[in-house]
Amino acid sequence: MNPASLKERIYVALDVNTRERALQVVRAVSPVLSSFKVGMELFYFFGPDILRELRAAGAQRIFLDLKLHDIPNTVARAAAVLTKSGVDMMTVHASGGSRMMETVLRAVADQAAAEGIPRPRVVAVTQLTSTDQKMLNEELGIPGSMTEVVQQYARLAQQSGLDGVVASAEEVPLIREVCGPDFLTVVPGIRPAFYQAEGDDQRRVATPRQALERGAGCLVIGRPILRSPDWREAAEAVLAECAEGSRL
């Protein structure tokens, strides 16, 4: 794996709520890592305009992570609007069902063709990384093991035509087992070896090396970079650790 392709697979999560800070992070980090994830906080504050500003600051690829979940037509119309912004990837919830996912994919493909731009990849959230087994069964009322549920949702997303799923690193081999090696796995909750923090609300986490060993397609890394006193230095450390893992 060459360094260029590895860099394109690492998304820096811009989990901030000010335009200035988001742009500062992109300017500092983009010479090292130029793919970024924009989530609810930033997008809901500033809307589509922030995506254009991030590109101007150095973001080459944007993963828009809004976790769309509603009736099929509502989600499809929203996804079509988001496609116009030229994002690289977007998320829906697999729990929305096959009809929702299929309708979204058609709307995204049609809009991208009308705009003359590449179709964004659409990936489904299986289970949030903050969900553990007890929560899955006792609070959400979903029977079975986390493994069974994630595999079921991943298979449903693949059958619906989606490009991949979002899942924890520990679930990547299980997804590859039922969906094959070409089905994209996007893995959040990445915690490099240099990062130590208490009170982390993500429970199913992994180091870059662990995630890549298990076959992760894309990695999403936020806090270890954003909470560092030197964002670029942290990005360089992340890339170095990922490169080491990718050679295994």
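**A strand and its surroundings**

Tutor: Lys67 has 24% relative accessibility and therefore counts as partly exposed; that class lies between buried, under 20% relative accessible area, and exposed, over 50%, with a 1.4 Å probe and protein chains only. The model is predicted, so local features need pLDDT of at least 70 and side-chain atom pairs count only at pLDDT 80 or more, while totals for chains, interfaces and linings use all residues. Residues are numbered from 1 along each chain as its sequence is written, and side-chain values use heavy atoms, with hydrogens and water left out.

Lys67 lies in strand β3. Strands (E, at least two residues) and helices (H or I, at least four) are DSSP runs, numbered from the N terminus. The backbone at Lys67 has a positive phi of about 50°, although the residue is not a glycine. Most residues other than glycine have a negative phi.

Strand β3 covers residues 61-68. Seven of its eight residues are buried, so the strand is largely enclosed by the rest of the structure.

Two neighbouring strands pair with β3; pairing requires that DSSP finds at least two bridges between the strands. With strand β2 (residues 35-39), β3 pairs in the parallel sense over five bridges. In that pairing, Phe36 has Ile62 of β3 as its bridge partner. With β4, β3 is joined by three bridges, and these strands also run parallel. Here Phe63 is partnered with Met89 of β4, and Leu64 stands opposite Met90. Right-handed means that, with the strands pointing away from the viewer, the path from the first strand over the helix to the second runs clockwise.

At 0% relative accessibility, Thr83 counts as buried. Setting aside residues up to four places away in sequence, Thr83 touches Met90, Val108, Gln111, Ala112, Ile117 and Pro120, where contact means heavy atoms within 4.5 Å. One of these, Met90, is in β4. The C-alpha atoms of Thr83 and Lys7 are 23 Å apart in space, and the two residues are 76 apart in sequence.

Strand β4 (residues 89-93) has five of its five residues buried. Both faces are covered: Met89, Thr91 and His93 are buried on one side, and Met90 and Val92 on the other. Beyond β4, five bridges join it to strand β5 (residues 121-125), again in parallel. Val92 stands opposite Ala124 in that pairing. The chain goes from β4 through helix α6 (residues 98-115) to β5, and this crossover is right-handed as well.

In soluble globular proteins, nonpolar side chains tend to be buried together.

Not counting residues up to four places away in sequence, Leu33 touches Lys7, Ile10, Val12, Ile225, Ala235, Val238 and Leu239.

For context, the protein comes to 12 helices and eight strands. Its radius of gyration is 17 Å, close to the 18 Å that the globule rule gives for 248 residues, so the protein is as compact as a globular protein of that length. The radius is taken over C-alpha atoms, and the rule is 2.2 Å times the number of residues to the power 0.38. The C-alpha trace spans about 45 × 40 × 35 Å along its principal axes. Of the 248 residues, 53% count as buried. Among contacts between residues at least 6 apart in sequence, 69% join residues at least 24 apart.
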